[in-house]
Amino acid sequence: MSDVKKIATRESYGNALAELGAEYENLVVLDADLAGATKTGTFKKAFPERHIDCGIAEADMMGIAAGLSTCGKIPFASSFAMFAAGRAYEQVRNSIGYPHLNVKIGATHAGISVGEDGATHQCNEDIALMRTIPGMVVINPCDDVEARAAVRAAVEYVGPVYLRFGRLAVPVINDEAVYKFELGKGITLREGRDVTIIATGICVSESLEAAKLLADEGIDAEVINIHTIKPLDEELVVASAKKTGKVVTVEEHSVIGGLGSAVCDVLSEKAPTPVKKIGINDCFGESGPAEELIRKYGLDAGSIASSVKIFVS
């Protein structure tokens, strides 16, 4: 996929904020001394009077965002996922989730693809944490086109939203001319009959490549992109599971509490189906080049194909 255009979804986030800032005068952006890394600096350059640097005080930032939302603003509170979902969890839960305020949380640098920053910054637990907050929407886009559309959808939605973005540049697999983002609706990218691969975030493009490798082995895999983990597209998940009889979930996140758990929750109740969860297996990450870590933890196309093949056979 070396000839495919690649862009990090954190870049998409910054570009989308700057674009939407021109449309929504009440859109404000808060950052915790990381505007360069989270790419909210793009918005700051265009609308300096609507950008607030809260310093290295993520919990305070969430409280400020909550207050601004009660004054008619649409605040985007931005930091690394480890700090936005981890360090500031209590404030997100009690100050934003409990009163169901119109705050958007832009969490960048999620997952092991943070790379050399190591285990302390590789947040593989954020989806699980945010899923448990009542009323919190959780979005994990797969590429530039989807990420920018997701930010727009978050602005248009009234209520708390957690948006997950990555550091690593990833392939652009969606055609902007025809792409449509619908909150809570998954997208079937490839029809299949032998197994369903349900992926999210950066794992979507790798899952598509894995499906091609599986086709060479005579395995016809259906590939579904779940960009909105909460609310989950239960109808699509159940229909595909009934069609293929086997489901594999793929995520750059712990296998505990993330996409795989969300899929298992619905299938156990509505369509009991064998499920294989591919993700981070109850361990911390480590420092290293992002692409090497993706391979080591089994999230590249070849590893996904191998796991699916064993599961199906």
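**Size and fold**

Author: Begin with the radius of gyration, taken over C-alpha atoms and compared with a globule rule of 2.2 Å times the number of residues to the power 0.38. For 313 residues a compact globule would have a radius near 20 Å, and the protein has 19 Å, which agrees. Its C-alpha trace spans about 60 × 40 × 40 Å along the principal axes. This is a predicted model, in which local features need pLDDT of at least 70 and side-chain atom pairs count only at pLDDT 80 or more, while totals for chains, interfaces and linings use all residues. Residues are numbered from 1 along each chain as its sequence is written, and side-chain values use heavy atoms, with hydrogens and water left out.

Reader: How many helices and strands does the protein have?

Author: Helices (H or I, at least four residues) and strands (E, at least two) are DSSP runs, numbered from the N terminus. The protein has 13 helices and 14 strands.

Reader: In what order do the strands of the 7-strand sheet stand?

Author: Two strands pair if DSSP finds at least two bridges between them. The order in this open sheet is S3-S2-S4-S5-S7-S6-S12, and the pairing is mixed. Strands S3 (51-53) and S12 (228-230) are at the edges with a single partner strand each, so one side of each has no neighbour in the sheet. From one strand to the next the twist averages 20°; angles run from 0 to 180 degrees between N-to-C directions, and axes are lines fitted to C-alpha atoms, for helices over the stretch in contact.

Reader: At what angle do H4 and H6 cross?

Author: Angles under 35 degrees count as roughly parallel, over 145 as roughly antiparallel, 65 to 115 as roughly perpendicular and the rest as oblique. H4 (residues 58-69) and H6 (residues 89-97) cross at roughly 10°, and their axes come within 9 Å. That makes H4 roughly parallel to H6. Ala59, Met62 and Ala66 of H4 meet Gln91, Val92, Ser95 and Ile96 of H6. For residue classes, Ala, Val, Leu, Ile, Met, Phe, Trp, Tyr, Cys and Pro count as nonpolar, Asp, Glu, Lys and Arg as charged, and the others, Gly among them, as polar. This contact has 5 nonpolar, 2 polar and no charged residues.

Reader: Which strands stand at the edges of the sheet that contains S9 and S14, and why is one side of each without a neighbour?

Author: This open sheet has 5 strands in the order S9-S11-S10-S13-S14, with mixed pairing. S9 (187-190) and S14 (275-280) are the edge strands, and each has a single partner strand, so one side of each is left without a neighbour. Strands S10 (residues 195-199) and S13 (residues 247-254) run parallel, joined by 4 bridges, with Ile197 opposite Val248.

Reader: What does H9 lie across, and how does H9 pack with H13?

Author: H9 (residues 203-216) lies across S9, S10, S11 (221-225) and S13, at about 170° to S11. H9 and H13 (residues 301-312) pack at about 55° with axes 8 Å apart. That makes H9 oblique to H13. The residues of their contact divide into 7 nonpolar, 2 polar and 3 charged.

Notes:
Contact = heavy atoms within 4.5 Å.
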